[in-house]
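Please keep the sequence and the coordinates at hand while reading.

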Amino acid sequence: MEIKKLGTYDIVVIGAGHAGCEAALAAARMGKKTLILSINLEAVANMFCNPAIGGTGKGHLVREIDALGGEMGLCIDKTFIQSRMLNVSKGPAVHSLRAQADKRRYHEEMKRTLEKQENLLLRQGEVIDIDMDREDGVKGVLLKTGAYYSCKAVVIATGTFLGGKIFIGDTGFDSGPNGLSPSTELAEALKKRGLPMRRFKTGTPARALSSSLDYSKMEIQLGDEKPVPFSFMDENVDREQVPCWLTYTNEETHRIIRENFSRSSLFGGLIEGVGPRYCPSIESKLERFPDKERHQLFVEPEGLSTEEMYLQGMSSSLPEDVQEAFYRTIPGLENIQIVRSAYAIEYDCIDPLDLNMNLMHKAFPGLFCAGQFNGSSGYEEAAAQGLMAGINAVLWLDGKEPFIIDRSEGYIGVLLDDLITKGTNEPYRMMTSRAEYRLVLRQDNADIRLTQRGRDLGLVSDERYEKYLSDKKAMEDEIARLEALKIKPSVANTVIVREGGSPVENGASLAELLKRPELTYDNTEEIDPERPKLSYHVRTKVEVSIKYKGYIDKQLAQIEKFKHLENKALPEDLDYMAMEGLRNEAKEKLSAQRPLSVGQASRISGVSPADINVLLVWLEKLRRS
């Protein structure tokens, strides 16, 4: 092959999925000449699985990406066709926004954003090798056509394309998602260069023709009457929404599937990769929960310009004849016409324990990794990692300290710490239960937590920063006003009694009254006629800050204790093998992972509290000496 040098870039991003898009935009916006390569430009920000952004825990990530100056929130606000706030019957810590996307429009909007971005070139091309070694690091990338691009850093964001193989029944063939070409040569090249790989697996359900479905037999699922924006830059995203639908499997569905377990790629021995625990195939659901009489099936539109409907909750690797049979047993799907079969897909990924906290590979300077290549699953998890990889690639090139978000500062910090410190043996999915400080890490206050840090990095535009400062001042002013505003009992009781609460006998500030469960900022408007007109984002922050202040203060105290250990840095050259008192397992794990702090060390599997006490003693000895 004749090698043709076609240009020099600071950073090359391999893959233009959700991770690659955020990585490339961040790098370019921070001033680096950036090239983003995709095997097929139709794959840019494509939603190869569910056509939605957000959800429990994932919505928090989108808000944090947005607060830092990322693109995902802005893009979904322009292209959603249904929006719902999940978990509204629970506390604000777990409220999570989810939006059904027009997947074609989402792809087009993100692609246009990449094309218009200064310092960034989006180009179609398949990378088959990365020119790098363990001493000098990254030097460039080689394409299948022989094109060679010199660069100083690379972000790998290959999604499920790397070594991709699709399975349907007893059939398996090399392929990327949706029948696009896989990246097979790059997978082999990375292995030859010494990157240990492992196989993970995910899957997707069939797509059905809308006109073949009987929606009268399903339960309608409408969006919120007043949709809430993801981006802090957006105030009004009200538009006509389309419905989704809910139906259920039954005993006959389960019988057909069970009788064909042996024909499933998953149970037939063809699939070697580890699948996601929290997004299992229908075969896995029946195996894990044999006594469950039915499983939910959400029927969701893929967009306004197509009749394809996504059958959420029914991914499968069963043969196509079995898929036809079991789908037709479900109410509303009796006459289903499948336009895309369900399939499982295996792909290559790395062990995230091989990464530093800035997402650079420990063995290859300048090689940054993001998304499903790191063992995660989901668009939002990928986008968050892509943003962080792009930021840190720039900082590394500039010789600056890495940008780290810790567990007490954001869901992004939880995500990266879980992957890099704890590792994962299955595709990792973000959930609110993973965040121990979730009352402080709410989706409503992501801008307060992170926008200043994004501004310091050079990612937050003047317009976004001015809005952040304006909203922050409006929130602080309104909290102060409510704390000073005294309400007479007779006035307060008009709302309290109407809302089902017990009347008060003494006057109180409106801030004190808002701590009552039956009162909200919105339903007290009639007794507060002088209040200013505030945006949804500001009103939400005001109410939550007041109503949950006692709980928030307790969690802030817990965070202070966490920070105490997190701020105790561990020297990079610390010889753990020579430490007396450390157990052998702890010595091996600490030597391999090289934690940055005592706090991070405490979260490594195999390191006990007793080992942490030994570390603290050693640090004190080092300080005194």
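At what angle do helix 2 and helix 10 pack, and how far apart are their axes? In this predicted model, helix 2 (residues 58-67) packs against helix 10 (residues 411-422) at an angle of about 110 degrees, and their axes are 8 Å apart. Helix 2 is therefore roughly perpendicular to helix 10, since angles of 65 to 115 degrees count as such.

**Helix packing**

- On the helix 2 side of this contact stand His-60, Leu-61, Glu-64 and Ile-65, and they meet Tyr-411, Ile-412 and Leu-415 in helix 10.
- By class, the residues in the contact of helix 2 with helix 10 divide into 5 nonpolar, 1 polar and 1 charged.
- The crossing in which helix 1 passes helix 4 is left-handed.
- In this contact His-18, Cys-21, Leu-25 and Arg-29 in helix 1 meet Tyr-106, Met-110, Thr-113 and Leu-114 in helix 4, and the residues involved comprise 5 nonpolar, 2 polar and 1 charged.

- An open sheet of 3 strands runs in the order 4-6-5, and its pairing is antiparallel.
- Its edges are formed by strand 4 (52-54) and strand 5 (80-86), each of which pairs on one side only.
- Neighbouring strands of this sheet are turned against each other by 15 degrees on average, with direction ignored.
- Strand 5 pairs with strand 6 (residues 96-101) in the antiparallel sense over 6 bridges, and Ser-83 stands opposite Ala-99 in strand 6.
- Helix 3 (residues 72-79) packs on the sheet, where it touches strand 4, strand 5 and strand 6, and the direction of helix 3 makes about 115 degrees with that of strand 5.

- Another open sheet consists of 4 strands in the order 1-10-9-8, and here the pairing is mixed.
- Strand 1 (4-8) and strand 8 (127-133) stand at the edges with a single partner strand each, so one side of each has no neighbour in the sheet.
- Strand 9 (residues 137-143) and strand 10 (residues 147-150) pair in the antiparallel sense over 3 bridges, and Leu-142 has Tyr-148 in strand 10 as its bridge partner.

**Domains**

- The chain is divided into domain 1 (4-202 + 347-457), domain 2 (462-558) and domain 3 (568-624).
- The centres of domain 1 and domain 3, taken over C-alpha atoms, are separated by 31 Å.
- Between domain 1 and domain 3 there is contact, in which 8 residues of domain 1 and 6 residues of domain 3 take part.

- Cys-49 lies in the loop between strand 3 (34-38) and strand 4.
- Although Cys-49 and Asn-178 are 129 residues apart in sequence, they are 9.2 Å apart in space, C-alpha to C-alpha.
- Leaving aside residues up to four places away in sequence, Cys-49 touches Lys-103, Gly-203, Thr-204, Arg-207, Glu-302, Tyr-310 and Tyr-379.

How values were computed. Residues are numbered from 1 along each chain as its sequence is written. This is a predicted model: local features need pLDDT of at least 70, side-chain atom pairs count only at pLDDT 80 or more; totals for chains, interfaces and linings use all residues. Side-chain values use heavy atoms; hydrogens and water are left out. Two strands pair if DSSP finds at least two bridges between them. Helices (H or I, at least four residues) and strands (E, at least two) are DSSP runs, numbered from the N terminus. Axes are lines fitted to C-alpha atoms, for helices over the stretch in contact, and angles run from 0 to 180 degrees between N-to-C directions. Contact means heavy atoms within 4.5 Å. A crossing is left-handed if the near helix is turned anticlockwise from the far one by less than a right angle, and right-handed if clockwise. Ala, Val, Leu, Ile, Met, Phe, Trp, Tyr, Cys and Pro count as nonpolar, Asp, Glu, Lys and Arg as charged, and the others, Gly among them, as polar. Domain bounds come from an automatic or database domain assignment. Angles under 35 degrees count as roughly parallel, over 145 as roughly antiparallel, 65 to 115 as roughly perpendicular and the rest as oblique.
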